[in-house]
Amino acid sequence: MQAFSQILLVLIALFSFYALGNSSLIGCIRIIALQGMCLGILPLLIDRQGFGIQILLIASGMFILKGFLIPRVLSYAIREVKIRREMEPLIGYNSSLLIGAFLIGISFLLAARLPLPDNIRTSLLVPVSLSVLMMGMLMMIVRVKAVTQVIGYLMFENGIYLFGLAISYQAPWLIEMGVLLDVFVAVFVMGIVINHIARAFDSINTENLTNLGD
Amino acid sequence: METLIFAPKILFLILFMPPMMLGLIAKTKAFVAGRRGAPVFQPLHDTIKLLGKGVVYSETSGWVFRLGPVLSLSAVLMAASLVPLFGAPLISFNGDAILFIYLFALARFVTILAALDTGSSFEGMGASREAAFSSYAEPALILIFASLAVHCGNLSLKQMFSPGQRSFPAPSVLLAGSGLLIVLLAENSRIPVDDPNTHLELTMIHEVMVLDHSGPDLAFILYGAQLKLMLMGVLWIRLLSPRLASNAFFLTLSLCGLAIFIGVIESSMARLRLIRVPQLLIAAVCLAAFGLILAAR
Amino acid sequence: MIYPWSLPGAVFHLGIDSLSAAFLFLVLVVGFCAGIYGEGYLSASSNHIAKAPARFFFAALIVSMAFLVCARNAVLFLVCWEIMALSAFGLVSLEHQKEDVRKAGKLYLLCTHTGSLCLLTGFAFLWKNAGSFEFGALLAAKPLSMFERVSVFWLFLIGFGMKAGFWPLHIWLQEAHPAAPSHASAAMSGIMIEMGLYGLLRFFSILGPVSISTSVFLMVLGLFTALFGIAFAAMQRDFKRLLAYSSIENIGIILAAAGLGCYGLARGDFSLSLLGFSAAILHTLNHGFFKSLMFLSAGAVYLATGTRDIESCGGLQKIMPRVAALTAVGSLAICGLPPLNGFTGEWLLYCGFLQMDYRREIIFFSLAAAMLSLIGGFAVITFTKFYGLIFLGKPHSKSAQKAKEPSSLMLIPMGILAALCLLIGLFPGWALKAAFFAASNISHPTPLLFSADLQKWSALLDLVGLMGALLWILIAIFWAIKKTSLKKRPTEAGATWACGFTSPTPRMQYTGSSYSMPATRTFDGFLIQKESRAPNGYWPKSSSFHSRVPDPALETWLPKLLSPFEGLIAWPKKIQRGKLQFYLLYAAAFLIAILIWKL
Amino acid sequence: MIYLCLVGIPALMGLSSLLVKNDDWRPWILPLGFSIHLSLVIACWKTIPTPSPLGWFGLDEAGLIVLSLSSAMLLVFSIYCLEYLRLRKERPNRLFTASLAFILSAASLVCVSRQMGLLWVGMEALTLASAPLIYFNHNQRSLEATWKYLMMGSLGIGLALLGTFFLALATPANAVKSDPLVIDSLILHARILSLPWLKGAFIFLLVGYGTKMGLSPLHSWKPDAYGEAPGVAGGVLAGVMTSCPFLGILRIFQICSSAGLLEFAQGLLILIGLLSMATAAVFVIGQRDFKRMLAYSSVENMGILVLGVGLGPMGTFFALLHLINNGLTKGALFLSAGNIHRAFGGKTMDHARGALGRVPISAALFLLGFIAITGSPPFASFVSEFGILRSALDSGHFGAAFGFVIFLAAVFIGMATTVLSVVYGTPQEKSDKAAQGDSPFMVLPPIILMSAVLFLGLWLPHWLTHALKRSANALNGVL
């Protein structure tokens, strides 16, 4: 169990790292789906008291939502758009990978300042979630395609959610459901907006979205 | 009370001395120039003659023009009532020195307005010069008074110019006196500030303001000017040494002396350029200030 | 009168002491006169002023000031203060269709709000010390620490000085007063700016005696303000601007008098401080009366001729004689000439400066007196120009010819004010009593001393009034003499003697600028901007000469002061350029920074 | 039960307005439902309802104040909408009305929830529900604004979630057997919370909810959203959407202060508050677009709020008061700004000039609102801003007081320039999109709001003072 969860965590981190370096939209969506699936499995491994019904519920909900529904929404959103890959990002792939590595370092540093929550067996959870979160932010920042930004946002959410697993033993599952629902709706709305963007500017380049400002 | 006893003398001084001083000045100038000149009482005759004449009013002018001379003359007479001639003044109270200065200002104010009322550019010119120069002369006068008030701690002319003040040899008095002399010449539009009997209106100051007045108005104005000259003369004499004004006779003598002195000055130097006049007055201010500093020690 | 008020720290606490009473009297009289005049003014200036707002703002202005002087609680004071300021703003920007009016209104609003912020901070300091907003508590509170004292003093000096228009805080004044309709500018110039002085006087009594050097600084500031104001007044062409500048002058004189009072307090010499403060208050009253009178008549002229340019008026004395007469009274009073009220206050101030029996800084005070007289001389220049150019001579322009006498609704209030000027000039003792009682609230003298000084000075001032009466009698006598001597003699009417020139035209009259030129020549070059196209060649083209007098504090120093801040502002604006990625970056960077710093 | 009604009724209205077909009388649903809601809220003022068994729901004074503010303002806005939506026939208003209703429901959820997770859910719902308002105009600019709003909002909300998790982790696992996010129990066991996690929670929640509030440097979405949304939507955003996250910050601040992290929390709040005021000052000066100007003024006022909270009990008292004043005034400002915008078909100084000539009442209201929001008596903001200044001096934060005054002055200068040039002057010839004059239904709501502001400036009701005092003390742990 212990080892599996460790591996899974590392895998999740690597996924987002990979997404950071990947230029194709579809690829990114696939990666994010994979990451979501891993997230779905993780609670079963990490949690203290075996397969509780509520754990099962959450896990399955996660698995479906993050593994299938959300990627579906995203691919629906970019259907009209011809472009399939992220052209010139604000920061090149290699350098963004470097920054990603740097961020991982920061997140480990921050995690070191926090005492280990006593119900988590693995010490990797906090730093990994922080780094996934930060890499998500990085992705939102350095990419210019709206979809990629949404993917970044998803990654960011995953990081947070990963963190949420730490309290899954005591947080009431209703809350978790609400959280899931909210995330889903958020992404749904974003998808719609992307759709509108695509129609209004017939591209999903956010370079078009810089008319407002002082 | 004592003033009532001296009433006739005072009346003589107030009524006959001013024109006589003017006549003396003219006489002196004539003498220096080698002419015989008009009799000493000529100005008095002129004044009386003018009183008996009719007037010509410019149709531009209005009531200000008609009221002006009256107002200015009464202001100067008011001032006269504050000045200690040889005895005590008619009225005296702490702070009347300020009133004295401001009464002259009032006279000037109405004269200027009367000049502007005619709408003549020449009189406007004269008015503006008069206003500008006297605004420099006033501070000098204030400073002189202050330097006198340092000792008696009182702002009444009677106290400030009473015997027992420092007198002639004292350097502070010397400075104040020279300052006062300049102010006197300037305020009464004598050379070197103004040439009363030039024939070019462009260069006049006081005379050009009263070009349009005639008859009694002109008489009032002339007499007012002469009276002003005499009053300041009295102050000057009393400043140098109050003893000179201890009685009417001495005072008369010294006033005549002053008149001759002025005459000599006028015939010995030419009028300054108008640009230079303020500098002269500021010099007077500086003299007065030095006098004050010396007096304050 | 104390009513509970639910705002934190506030009590609806009204009270009238003699200081309040003096100012309240001023507010009510001037407010009343200006209000009545305003009705006539509004109905005469038919179209271009919205009447309802004008009435509302004016009423608000007067009422708020009436409450202001009675307020005994800082919050109430501030509320009244701001209502006053805002309604004045409303009045200033009534004719907002005009560009310059908008400018003036904006400038005024910015200035007054800055001042109010200073006042807020000052009161917050006082509250911190006293724990209450009641004036009584503020008075009774323990003395402030050095830091608090200094900061409160400067905050109040700036806050109230901004309203009163001390140099260089006066920048709004000469812009706003001309912009407002004349009854409003009368109220503003006659009362509102005095409220700044009221505040200062009120809070001198709370702050306690200031140091000697500070009071000397106040005197110097006041005299400089006065000199500056009158010098600029002498140079103006727009006669409402001229009046506004002369308000600055009078405020300066009052400040100097107040400074004298502070000096007395600092020296522990109560009769001197009493003298100074009462001179300040007396001059405040007088200024309130004659300045509002002047503004009212300026309004009448503006209404009749439709111009505010001195050069294009002239000869109105014949066309509107009543206004002319009333204005003559006003201008005599405003120059501080006997036998009118303006003289009494200045005379008191001179006496204060030149009472030598206890002075250490004789030189300084005599120079101050000299400065005062210089100011008086310039005042004479300014107002002979004002009166002479507007009312005397021949009309310079068509607009001046078609002028006509205003309605009695406008004349009567002016008459009341003029009568007040004459009366105070004749019976200054009464006004002095009021001023003394008011002043005793600031410099708390022993009753014995107080009654003695009141005795002394009111006796002297009554003498001055008596002299005034004598002067009137003399004038009457000589007038009679002249009339009798002219009875049986011809009085002919002829053309003005133009030194031989046969056909003088109105255009050839002396102009205002050239009239004040000899006096203001000293400021040539660096204050007066001239642009001229001199005629040249054998057949010269049309030539022109134009000169204006920009206010250095407003048009030179203020921009210099503000220019560095522009750069300061321009730089950070780069961060909001519309790129979402950057916005996200700011958020992330901020978060990480805080995490690393604080966690 | 009452909680269910408070949250449920608006939600039901939202659903029903989604179902209703007719565009013309759909808007009428809102005033009805909102008035019911408001009456419920008033009932709550009469008797504070008891917390629900699990301790998830409950109303304290702070919550009640925010709740009543939101409810009352939304009622006023819904009255405005009746006329507004009639004028904007070309746009289907289904989503608009629905999201107004959902906003109230979400806001009520935020106010009544005593459970940080639940509060977060409400906040997220609030964010999503307000997106359609911004996108109402359906043009490229509004689309851009919506996109930015969504991304920034989601980022913030995500961080807030993380903060919530941190908070949950702050309670030692076996120490308390209850739900680790219930505020009351957190305060009860404040002493045993682990401080590092709590600090982290505070930072993340501050940044997260600060993004929703629009504190600098997280404010960047605000001018775009406020500028492109219709006036009424701007009012909703500035009045309701900002006070709910502020409530969230208050909650976590309360927990921190009772856990002994007072200095830490106050330091951060003062810092970010002054930073926001400075940013607003910089951007308001020379701002030609009066809606964006209002947005920055809102940034400034948010800064004032957190600054006040950072200055101790007295400051908190006045901050809560300022919350009310700011909400009401901003509402009036945005509504009148919307009227002016419509009358000139433009929202910059170049289009809109001399509004007093064309829409006199709205212009006057705009001017008054400006005077009020910059804290001049006799309007309410004067009381609160003066109070915050006092508390800054009182608590010895002289630097903060200095900055406060300077920034107030700067913002005033900036706003005055824009507002005066919009209100005064002579309007140039009518542009084709110009509406005709003031219509009663569209000036009445801002008049109501402004008169409320004026009233509060002249008279603070005692019950309100009492409530403010109690919550201020509670928040600073000075019970």
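Guide: Two residues are in contact here if their C-beta atoms, placed from the backbone, lie within 7 Å. This is a predicted model, in which local features need pLDDT of at least 70 and side-chain atom pairs count only at pLDDT 80 or more, while totals for chains, interfaces and linings use all residues. Residues are numbered from 1 along each chain as its sequence is written, and chains are lettered from A and ligands numbered from 1 in the order in which they are written.

In chain D, helix H3 (residues 61-87) packs against helix H14 (residues 313-344) with their axes 11 Å apart and at an angle of about 10°, where axes are lines fitted to C-alpha atoms over the stretch in contact, and angles run from 0 to 180 degrees between N-to-C directions. H3(D) is therefore roughly parallel to H14(D), a term for angles under 35 degrees. Helices are DSSP runs of H or I with at least four residues, and strands are E runs of at least two, numbered from the N terminus.

From H3(D), Ala62(D), Ile65(D), Leu69(D), Met73(D), Val76(D) and Tyr80(D) meet Leu320(D), Ile324(D), Gly327(D), Gly331(D) and Leu335(D) of H14(D). The residues of this contact divide into nine nonpolar (Ala, Val, Leu, Ile, Met, Phe, Trp, Tyr, Cys or Pro), two polar (Gly among them) and no charged (Asp, Glu, Lys or Arg).

Turning to another chain, chain B has 12 helices and one strand, and its elements run α-α-α-β-α-α-α-α-α-α-α-α-α from the N terminus on. Taken along the principal axes, the C-alpha atoms of chain B fill a box of roughly 55 × 45 × 45 Å. Among contacts in chain B between residues at least 6 apart in sequence, 78% join residues at least 24 apart.

Notes: Angles under 35 degrees count as roughly parallel, over 145 as roughly antiparallel, 65 to 115 as roughly perpendicular and the rest as oblique.
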